[in-house]
Amino acid sequence: MNLDIVILAAGKGTRMGSPLPKVLSNLAGRPLLAHVLDTASNLKRCKLHVVVGHEARKVKQAFSSNKKINWIKQSEQLGTGHAVKQALKHIRHNSNVVILYGDVPLISENTVQRLAKLASKGPALLTFNKENPTGYGRIVRGSRNKVQAIVEEKDASPIEKEISEVNSGIMAFKAQDLTRLIGKIKNNNKAKEFYLTDTIQEAYHEKLNIQSLKLTDIDEVLGCNTLEELQTLERAYHLSVAKKHLNRGVLFANIERVAFRGDVSIERGAFIDENVIFEGEVFIGSGAKIGPGCIVHNSSIGKNAELLAYTLVEESVLENNAKAGPFAHVGVQTKMDDGAEIGNFVEVKRSHIGANSKAKHLTYIGDAKIGKGVNIGAGTIFCNYDGKNKNQTIIEDGTFIGSNSSLVAPLRLGEGSFTGAGSVITKNIPKGKLGVGRGKQVNLNKKK
Ligand code: UD1
Ligand code: CA
């Protein structure tokens with residue numbers, strides 16, 4: 001079965017009250033439309049069409065790296081039926097066509113596939129029951145519970161408004177049915193729009209075998225027309241991702257208080273505390289512990305590694321058993337080897353910390369290559385920037401840095417060397433030597 005997916009994304013989204021085109025509204029760190037595109041892109045033998053209109057340039061630009069999309073312009077937004085009409089000439093004649101909405105972002109691949117298959121029997125719609133159905137098209141059923149029509153909110157009679165089964169907007173047709181039915185719809189309704197939903201009453205008149213699929217997991221089909229609905233979707237999204245992880249054996253303090261803004265892979269047996277935010281591509285190994293309030297951005301946290309409370313990790317790798325925090329910042333391009341530790345108020349950037357090396361308190365480490373088993377005392381600063389360039393510090397295995405040392409790069413501290421507490425180190429220290437660079441203490445008599 002060939003599949004043509006048409007995603008409607010031309011509307012302005014007036015009800016959102018935001019200057020951004022609606023389909024670019026942010027859901028879990030990405031535009032609404034990105035979620036739909038991701039789902040659609042996973043389908044096999046599928047051609048992808050996106051209908052854009054309002055701020056089309058901005059929308060296309062946001063997805064310029066996706067070369068699979070056939071962009072279709074709807075110059076005037078005359079309704080969902082009119083939008084689909086613009087796509088008809090791009091659709092393969094022998095395809096099943098699925099219409100998705102840019103503002104119904106959480107639809108699953110499985111549901112799309114089921115609906116596409118149903119369409120081989122006749123026009124297929126995806127419905128659900130909604131307690132407060134205001135704003136949605138209502139599904140009108142006649143004898144033997146057969147679908148007869150979809151009535152839009154604006155055109156519904158008081159009795160029709162009582163119907164709680166609603167249209168998700170998502171439909172599937174054989175290409176030839178769709179082309180013929182779209183040709184029949186008119187705009188003689190309250191909104192003066194060409195409604196895609198009117199194809200259903202046309203199909204009923206043609207005595208086609210209308211199919212309907214009613215979903216029980218309604219998060220998949222929640223639409224986004226207002227900022228309040230966007231909030232509902234945001235919660236639904238994170239909760240559904242958390243549940244997927246939970247059911248695979250990931251442990252959470254509270255699945256309602258974790259944000260998944262990206263592509264997050266977590267092994268079973270990892271523990272995630274409250275108010276954790278994952279962003280971008282993230283890997284968390286089994287047995288790892290992510291403390292409360294931590295943010296992990298495009299990073300990998302190894303098995304049994306630990307982030308203590310309020311630690312930020314960006315673009316970095318913590319190997320197995322590494323530990324950071326509380327209140328630590330593992331900045332860009334940092335690698336912490338097995339068992340390496342940084343503690344309270346320590347910031348690390350563009351550095352490699354070797355196995356079992358430790359900086360437990362109040363330290364800045366920048367542009368450093370630190371060997372194994374190094375101990376960095378409290379208050380140590382790697383002075384990596386001379387005002388123009390970033391310079392490197394190399395610290396060999398087993399070195400001991402006394403508290404409150406300033407290490408002025410470029411610098412090399414040889415294996416097993418030491419620095420005296422409070423030293424300003426500007427010259428290399430050879431292997432095994434103690435570098436001291438500070439004023440000598442004098443004990444003076446107190447004035448009487
Ligand atoms: C639509 C359905 C309604 C359904 C609801 C589910 C119609 C007529 N109504 O209503 O039955 O219950 O979705 O969420 O289809 N769009 C265009 N071009 C246009 C108009 C809209 O591309 O000319 C796009 C919008 O960008 C949006 C989608 O189509 O992504 C739906 O449009 P919207 O105005 O939000 O329709 P609803 O009133 O929500
Ligand atoms: Ca909508």
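**From values to words**

Mentor: Let us start with D4, which has a relative accessible area of 0% and is therefore called buried. Keep in mind throughout that this is a predicted model.

Trainee: What makes R92 partly exposed?

Mentor: R92 has a relative accessibility of 24%, and since buried means under 20% and exposed means over 50%, a value in between is called partly exposed. R92 therefore counts as partly exposed.

Trainee: How do you know that R92 and D4 form a salt bridge?

Mentor: The cut-off is a side-chain nitrogen of Lys or Arg within 4 Å of a carboxyl oxygen of Asp or Glu, and the side chains of R92 and D4 meet at 2.9 Å, N to O. A search of the whole structure finds 19 salt bridges.

Trainee: Why is the contact between K22 and D103 called a salt bridge?

Mentor: The closest N and O atoms of K22 and D103 are 2.8 Å apart, which is to be set against the limit of within 4 Å. K22 lies in the loop between β1 and β2 (26-27) and D103 in the loop between β6 and α4, so the pair ties together parts that are 81 residues apart in sequence. Both K22 and D103 are buried.

Trainee: What makes E279 and R261 a salt bridge, and are these residues buried or partly exposed?

Mentor: Their side chains meet at 3.3 Å, N to O, and the limit is within 4 Å. The pair links distant parts of the chain, with E279 in strand β15 (residues 276-284) and R261 in strand β13 (residues 258-266), 18 residues apart. E279 has a relative accessible area of 22% and is therefore partly exposed, and R261, with 31%, is partly exposed as well.

Trainee: Why is T39 called buried?

Mentor: Buried means under 20%, and T39 has 13% relative accessibility, so T39 counts as buried. T39 is found in helix α1 (residues 32-41), and its side chain reaches the backbone oxygen of H35 at 3.1 Å.

Trainee: Why is L362 called exposed?

Mentor: The cut-off for exposed is over 50%, and L362 has a relative accessible area of 51%, so L362 is exposed. L362 is found in strand β27 (residues 358-366), and together with Y310, F327 and F345 it forms a nonpolar patch on the surface, with about 450 Å² of accessible area together.

Trainee: How do you know that E152 makes a polar contact with ligand 1?

Mentor: A polar contact needs a pair of N or O atoms within 3.5 Å, and a polar side-chain atom of E152 lies 2.7 Å from an oxygen atom of ligand 1. For the side chain of Y101 the distance from an N or O atom to an oxygen atom of ligand 1 is 3.2 Å, and for the side chain of N225 it is 3.4 Å. The protein covers 91% of the 760 Å² of accessible area that ligand 1 has on its own.

Trainee: Which classes of residue make up the shell around ligand 1?

Mentor: The shell has nine nonpolar, eleven polar and four charged residues.

Notes
Residues numbered from 1 in each chain as written. Chains lettered and ligands numbered in written order. Predicted model: local features only at pLDDT ≥ 70, side-chain atom pairs only at ≥ 80, totals over all residues. Heavy atoms only, no water. Polar contact = N/O pair within 3.5 Å; in protein donor to acceptor, adjacent residues only side chain to side chain. Areas by Shrake-Rupley, 256 points an atom, 1.4 Å probe, with all protein chains shown as cover. Nonpolar A, V, L, I, M, F, W, Y, C, P; charged D, E, K, R; others polar. Patch = residues over 30% accessible without salt bridge, like charges linked within 9 Å, V, L, I, M, F, W, Y side chains within 5 Å. Helix = DSSP H or I, 4+ residues; strand = E, 2+ residues; numbered from the N terminus. Buried < 20%, exposed > 50% of the residue type's maximum accessible area, 1.4 Å probe, protein only.
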